[in-house]
Amino acid sequence: MAGICRQNPILHLLRTTTQSPSNLHRVHGGARWCCCSVSPENENKTRTPPLLRLAVSGVTELLRLFSSSAQDNRADYQLKTEDRDENSASDIDDVLRILKADYENAYFVTGNFSSAIYAEDCLFEDPTIRFRGKELYSRNLKLLVPFFDSPSIRLQKIEKGANMETDFVAATWRLRTYLKLPWRPLISVNGSTIYELDEKLKIVRHAESWDVTALEAIGQIFTPSIGRPNE
């Protein structure tokens, strides 16, 4: 996961505007990750093109149009989330343990995540969108989950790290799912997430990275699965 500086538009497809998250590198000879913000002179290069943001908005509306079962899943989703709100952390190892359990429960493809470890105004970002608020993140999951067909998200690695100002947890993963759209597109992404913590051990920034460009990831949504290689 070291050196990844692009982000995953699939996991938070329904957010608004963007700014690239921190680049990452690992300290030589140690196990500490460092977060390095994008420099101002490079900000324009990393900002998502307007046409891509428009495409994301179009996908959002498309999902809403096809979302016949989203309301049916709402009560069940809220119950699962409330059950997991009791989780709390006394140190960074607890945060890592809770996040690992969320991945084991496939939190993104089930909508069942431990919201108690997130700050209310947590910043969520990927290369296409950027927004604040775990409640909005929860609503986005409610919209996405009913569209997943045979989904899986596999945790490949998770570890804690720190720089001079921030403790964080870094995870790498692989997402694979079909979408319940008429052309049944296949989404397949290898990525990573950085969970930055505040002094109260709440996640204040959730930044994702991936192995494809934003355009390639959006392109997967509009590509029929028929004739695609079986991954």
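## Figure legends: close-up views

**View A. Arg184 sits in the hairpin of strand 6 and strand 7.** Six residues separate the two strands of this hairpin, and Arg184 there takes a positive phi near 45 degrees. The model is predicted: local features need pLDDT of at least 70 and side-chain atom pairs count only at pLDDT 80 or more, while totals for chains, interfaces and linings use all residues. Residues are numbered from 1 along each chain as its sequence is written, and side-chain values use heavy atoms, without hydrogens and water. Helices (H or I, at least four residues) and strands (E, at least two) are DSSP runs, numbered from the N terminus. Strand 6 and strand 7 pair in the antiparallel sense over twelve bridges, where pairing requires that DSSP finds at least two bridges between two strands. The bridge partner of Asp167 in strand 7 is Leu197.

View B. Strand 3 (residues 118–125) pairs with strand 8 (residues 203–210) in the parallel sense over four bridges, and Tyr118 has Ile203 as its bridge partner in strand 8. In the whole chain there are seven helices and eight strands.

**View C. Strand 5 and strand 6 form a hairpin.** Four residues lie between the two strands, which pair in the antiparallel sense over twelve bridges. Lys160 has Val169 as its bridge partner in strand 6. Eleven of the 13 residues of strand 6 are buried; buried means under 20% relative accessible area, exposed over 50% and partly exposed in between (1.4 Å probe, protein chains only). Leu175, in strand 6, is buried, with a relative accessible area of 0%. Leu175 and Gly191 are 16 residues apart in sequence and 7.8 Å apart in space, C-alpha to C-alpha.

**View D. The largest nonpolar core has 43 residues.** A nonpolar core is a set of buried Ala, Val, Leu, Ile, Met, Phe, Trp, Tyr and Cys residues joined through side-chain atoms within 4.5 Å. The residues with the most contacts inside the largest core are Leu99, Phe108, Tyr118, Ile153, Val169, Tyr195 and Ile203. Helix 4 (residues 92–104) gives the most to this core, with six residues. Leaving aside residues up to four places away in sequence, Ile153 touches Tyr103, Ala106, Phe108, Val109, Trp173, Arg174 and Leu175, a contact being heavy atoms within 4.5 Å. Over the chain, 51% of the 231 residues count as buried.

**View E. Helix 6 is largely enclosed by the rest of the structure.** Of the eleven residues of helix 6 (residues 134–144), eight are buried: Lys134, Tyr137, Ser138, Asn140, Leu141, Lys142, Leu143 and Leu144.

**View F. Phe124 and Tyr137 form a stacked aromatic pair.** The structure holds eight aromatic pairs; rings of Phe, Tyr and Trp (its six-membered ring) pair if their centres lie within 6.5 Å, and planes under 30 degrees apart count as stacked, over 60 as edge-to-face and the rest as tilted. For Phe124 and Tyr137, the centres are 4.4 Å apart, with 10 degrees between the planes. The pair links distant parts of the chain, with Phe124 in strand 3 and Tyr137 in helix 6, 13 residues apart. Both Phe124 and Tyr137 are buried. One aromatic cluster is formed by Phe113, Tyr118, Phe124, Phe131 and Tyr137.

**View G. Ser150 and Leu201 take positive phi values.** Most residues other than glycine have a negative phi. Ser150, in strand 5, has a phi of about 55 degrees and counts as exposed at 52% relative accessibility. Leu201 is in the loop between strand 7 and strand 8, with a phi near 65 degrees. Leu201 is buried, with a relative accessible area of 16%.
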